[in-house]
Amino acid sequence: MQLKLWQVDAFAERVFEGNPAAIVPLDTWLDDAHMQRIADENNLAETAFLVRRGAGHYGLRWFTPAVEVDLCGHATLASAWLVFAELDRELNSVDFETRSGTLTVERGEDGRHRMSLPSDFVKPLENAALAGEIGEALGTAAPVALYTGRNILALFETPADVRAIKGSGEIAKLIPTDKGLIATAKGDRGYDFISRYFAPHHGLPEDSVTGSAHCALAPFWARRLAKLTLRARQESPRGGDLICTDAGARTTLSGACALYLRGEIDV
């Protein structure tokens with residue numbers, strides 16, 4: 001069986017930045033094991049699979065090299081880029097039916113498409129011992145506070161503490177198997193906040209740019225900074241920029257995409 005595949009760098013102005021995602025359009029879903037093997041072979045943070053269900057409507061699923069996930073922002077943005085640029089060029093918006101409900105992406109005239117994702121409101125996690133263990137595992141200062149939602153969010157005192165993180169280390173031993181770890185601090189250099197994201201249980205020691213993590217970060221920082229629209233930087237080795245808007249139950253993220261390759265796979 002031969003399938004088309006695109007690889008797109010999301011939240012990137014140019015290739016080799018942002019977070020790469022593979023997108024594979026399908027006529028109908030393959031069996032889960034087959035899609036998982038393709039994602040493992042691609043060895044990217046996410047491989048997205050699309051099935052067209054009508055004008056402006058697609059089914060969308062996301063797989064890391066290890067598991068299928070409930071929500072992936074950067075692969076959603078990359079999938080929308082593919083729809084707007086090559087699959088359905090007349091569309092100005094597209095709806096994706098996913099395990100997290102219907103996700104809508106609107107075409108941006110400036111090339112920065114806007115997607116609406118469900119917000120993740122974190123709650124304080126009182127555990128001073130865990131904070132110290134997280135700092136030690138990441139090779140940096142201990143976070144000043146911890147929060148929990150779809151992920152564990154660790155708030156650090158300075159951007160330098162976040163940038164000093166040496167990798168995910170032994171963090172997998174400290175967080176639940178269904179969660180990743182968001183490390184964040186108030187921003188500098190023109191950014192409202194910065195972050196990094198580690199999901200070793202999902203086969204992602206460090207993710208390059210994580211849209212789903214910003215569903216927690218945007219409302220979190222919007223309240224702390226008393227502003228609705230924020231400029232964010234994910235400080236991974238590749239790095240990426242996002243514009244985030246806190247819209248209550250929804251978080252709007254926008255960013256550019258850069259095409260890296262288009263090709264075919266024999267599976």
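**Notebook: a predicted protein chain**

I began with burial, and found that buried residues make up 57% of the 267 residues in the protein chain. I note here that the model is predicted.

**Entry on overall form.** I looked up the secondary structure, which consists of 5 helices and 18 strands in the protein chain. I then checked the radius of gyration: it is 18 Å, close to the 18 Å that the globule rule gives for 267 residues, so the chain is as compact as a globular protein of that length. Along the principal axes, I found the C-alpha atoms filling a box of roughly 50 × 35 × 30 Å.

**Entry on contacts.** I considered contacts in the protein chain with a separation of 6 or more, and 62% of them are accounted for by residues 24 or more positions apart.

**Entry on surface and charge.** I recorded an accessible surface of about 11,200 Å² for the protein chain, with 48% of this surface belonging to carbon and sulfur atoms. I also looked up the charged side chains, which are 28 positive and 36 negative. The centres of the two sets lie 4 Å apart.

**Entry on the cores.** I turned to the largest nonpolar core, which has 54 residues. Within this core, Trp62, Val83, Val94 and Phe96 touch the most other members. I found that helix H2 (residues 73-87) supplies the largest share of this core, 8 residues. I also noted a second, separate core of 18 residues, with Ala131, Ala137, Leu146 and Ile194 among them.

**Entry on backbone angles.** I kept in mind that most residues other than glycine have a negative phi. I therefore looked at two residues that depart from this pattern, beginning with the general point that a negative phi is what most non-glycine residues show.

I found Phe11 in the loop between strand S1 (2-10) and strand S2 (19-26). Phe11 is not a glycine, yet its phi is positive, at about 60 degrees.

I found Asn43 in the loop between helix H1 (32-42) and strand S3 (46-54). Asn43 is also a residue other than glycine with a positive phi, near 55 degrees. At 58% relative accessibility, Asn43 counts as exposed, because exposed means over 50%.

Key
Residues are numbered from 1 along each chain as its sequence is written. This is a predicted model: local features need pLDDT of at least 70, side-chain atom pairs count only at pLDDT 80 or more; totals for chains, interfaces and linings use all residues. Side-chain values use heavy atoms; hydrogens and water are left out. Helices (H or I, at least four residues) and strands (E, at least two) are DSSP runs, numbered from the N terminus. The radius of gyration is taken over C-alpha atoms; the globule rule is 2.2 Å times the number of residues to the power 0.38. Buried means under 20% relative accessible area, exposed over 50%, partly exposed in between (1.4 Å probe, protein chains only). Contact means heavy atoms within 4.5 Å. Accessible areas come from the Shrake-Rupley method with a 1.4 Å probe; for residues, only the protein chains shown count as cover. Lys and Arg count as positive and Asp and Glu as negative; His and the chain ends are not counted. The place of a charge is taken as NZ of Lys, CZ of Arg, CG of Asp or CD of Glu. A nonpolar core is a set of buried Ala, Val, Leu, Ile, Met, Phe, Trp, Tyr and Cys residues joined through side-chain atoms within 4.5 Å.
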